[in-house]
Amino acid sequence: MSQKILVSEVGPRDGLQSIKAVMPLEAKKAWIRAEAEAGVREIEVGSFVPASLLPQMADTAELVAFAREIKGLNVVALVPNAKGAARAVEAGVHGMSIPFSMSETHSIRNVRKDHLAMLAEIAASAQIAREASVHFAVGLATAFGCTIEGAVSEDAVVRLAVAAAEAGAMEFSLSDTTGYADPAQVTRLVRKVRAAVGADKLTTLHLHNTRGLGLANALAGLNEGITTIDSSLGGLGGCPYAPGASGNLVTEDLVLMLNAMGCDTGIDLERLLEVRKILSAALSGEPLYGFTPEAGLMLDYPERIAR
Ligand code: ZN
């Protein structure tokens with residue numbers, strides 16, 4: 001497997017929006033710069049939600065402008081609706097993604113929109129993206145299960161993905177927003193959604209490590225030909241509904257697995273591990289996760305990645 005895999009760092013968005021502390025803009029910049037220097041090629045720097053709802057994301061436009069100056073870095077942001085999409089385009093993102101909750105209850109609870117209203121936002125956002133030549137992805141959120149509804153029907157995920165494609169989605173990610181996914185489910189759902197929207201349109205998995213299955217789920221996706229995996233440095237984040245639950249898939253552990261397997265991530269893991277210091281300094285008291293940062297690299301790690 002000498003395949004190119006894109007590790008998309010979502011910590012500055014998914015991680016920071018899930019914790020109470022607000023990271024100062026300068027620390028965010030230092031984090032983004034240091035990860036790019038370690039070889040990370042794509043970073044979701046924030047989200048364009050009203051600052052009154054998420055003060056942690058108030059400086060997203062400034063971060064986009066900053067990150068755009070870093071050569072070779074793909075700068076992406078999350079947008080909740082067409083209004084956010086317009087702000088993202090104005091700020092100069094390379095790409096944006098809109099979360100589309102497969103659980104309608106979750107969607108109504110989180111953004112006060114049912115599926116029909118969300119499809120209208122997707123269509124309007126897609127048009128804004130197309131006109132600006134910006135990449136536009138739809139994140140099929142709560143695709144593996146919902147903290148309110150429980151099981152989410154796979155047929156419904158397929159049907160809603162097709163509807164989003166018709167509304168203008170250029171690409172999809174399957175998002176385990178709640179940490180409910182298991183590897184067999186990942187395999188099944190990747191196959192089903194790809195059969196409906198085309199293999200080239202489903203490239204990304206967005207994984208959480210809530211129950212420790214993040215890496216197993218990533219591997220299941222890789223075996224199906226998934227080429228982009230979202231993760232967060234230090235597994236930053238968590239779940240507002242489950243106190244003590246860990247957050248996103250840990251970038252450091254993911255990069256260790258991929259590099260050791262011989263995948264081409266372009267990321268220097270030793271340099272990446274150093275970036276954690278920026279997080280611990282700026283977010284004192286916030287738990288950081290990860291096995292590799294605790295255990296260190298295997299003694300023969302250099303030989304493994306040279307193979
Ligand atoms: Zn997430």
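Modeller: Happy to! Let's begin with a pair of residues: Leu205 has Ile229 in E8 as its bridge partner. Before we go on, this is a predicted model, where local features need pLDDT of at least 70, side-chain atom pairs count only at pLDDT 80 or more, and totals for chains, interfaces and linings use all residues. Residues are numbered from 1 along each chain as its sequence is written, and side-chain values use heavy atoms, with hydrogens and water left out.

Biologist: What about E6 and E7, how do they pair?

Modeller: E6 and E7 pair in the parallel sense, over four bridges. Phe172 has Leu202 in E7 as its bridge partner. The chain gets from E6 to E7 through H8, in a right-handed β-α-β crossover. Right-handed here means that, with the strands pointing away from the viewer, the path from the first strand over the helix to the second runs clockwise. E7, H9 and E8 also make a right-handed β-α-β unit.

Biologist: Where does H8 lie?

Modeller: H8, residues 183-197, lies across E5 (135-141), E6 and E7, and runs at about 145° to E7. Axes are lines fitted to C-alpha atoms, for helices over the stretch in contact, and angles run from 0 to 180 degrees between N-to-C directions.

Biologist: So what do the strands build in the end, and in which order?

Modeller: Eight strands close into a barrel, in the order E1-E2-E3-E4-E5-E6-E7-E8, with parallel pairing. From one strand to the next, the twist averages 25°.

Biologist: Is E7 enclosed or open?

Modeller: E7 is largely enclosed by the rest of the structure, because five of its five residues are buried. Buried means under 20% relative accessible area, exposed over 50%, and partly exposed in between (1.4 Å probe, protein chains only).

Biologist: Changing topic: which residues coordinate the zinc ion?

Modeller: Asp14 (OD), His206 (NE2) and His208 (NE2) coordinate the zinc ion, at 2.0 to 2.1 Å. Along the chain, the donors follow the spacing D-x191-H-x1-H. Asp14 in helix H1 (residues 11-17) and His208 in the loop between E7 and H9 link distant parts of the chain, 194 residues apart. Donors are N, O and S atoms within 2.8 Å of the metal (3.2 Å for Na, K and Ca); water is not among the atoms, so sites may look incomplete.

Biologist: Are those two buried or exposed?

Modeller: Asp14 is buried, with a relative accessible area of 7%, and His208 is buried with a value of 7%.

Biologist: Nice. Now the nonpolar core: which residues have the most contacts inside the largest one?

Modeller: The largest nonpolar core has 89 residues, and those with the most contacts inside it are Phe100, Val138, Leu140, Leu174 and Val193. Its largest share, six residues, comes from helix H2, residues 25-37. Such a core is a set of buried Ala, Val, Leu, Ile, Met, Phe, Trp, Tyr and Cys residues joined through side-chain atoms within 4.5 Å.

Biologist: What does Phe100 touch?

Modeller: Not counting residues up to four places away in sequence, Phe100 touches several residues, including His115, Met118, Val138 and Leu140. Contact means heavy atoms within 4.5 Å.

Biologist: One more helix, please. Why is H10 largely enclosed?

Modeller: Ten of the eleven residues of H10 (residues 251-261) are buried, so this helix is largely enclosed by the rest of the structure. Its buried residues pack against several elements, among them E1 (6-9), H9 (214-223) and H11 (269-282). Just after H10, Gly262 takes a positive phi of about 90°.

Biologist: Last one: where is Gly234, and what is it in contact with?

Modeller: Gly234 is in the loop between E8 and H10, and counts as buried at 0% relative accessibility. Leaving aside neighbours within four places in sequence, Gly234 is in contact with Val250, Glu252, Arg276, Leu288 and Tyr289.

Notes. Helix = DSSP H or I, 4+ residues; strand = E, 2+ residues; numbered from the N terminus. Pairing = 2+ DSSP bridges.
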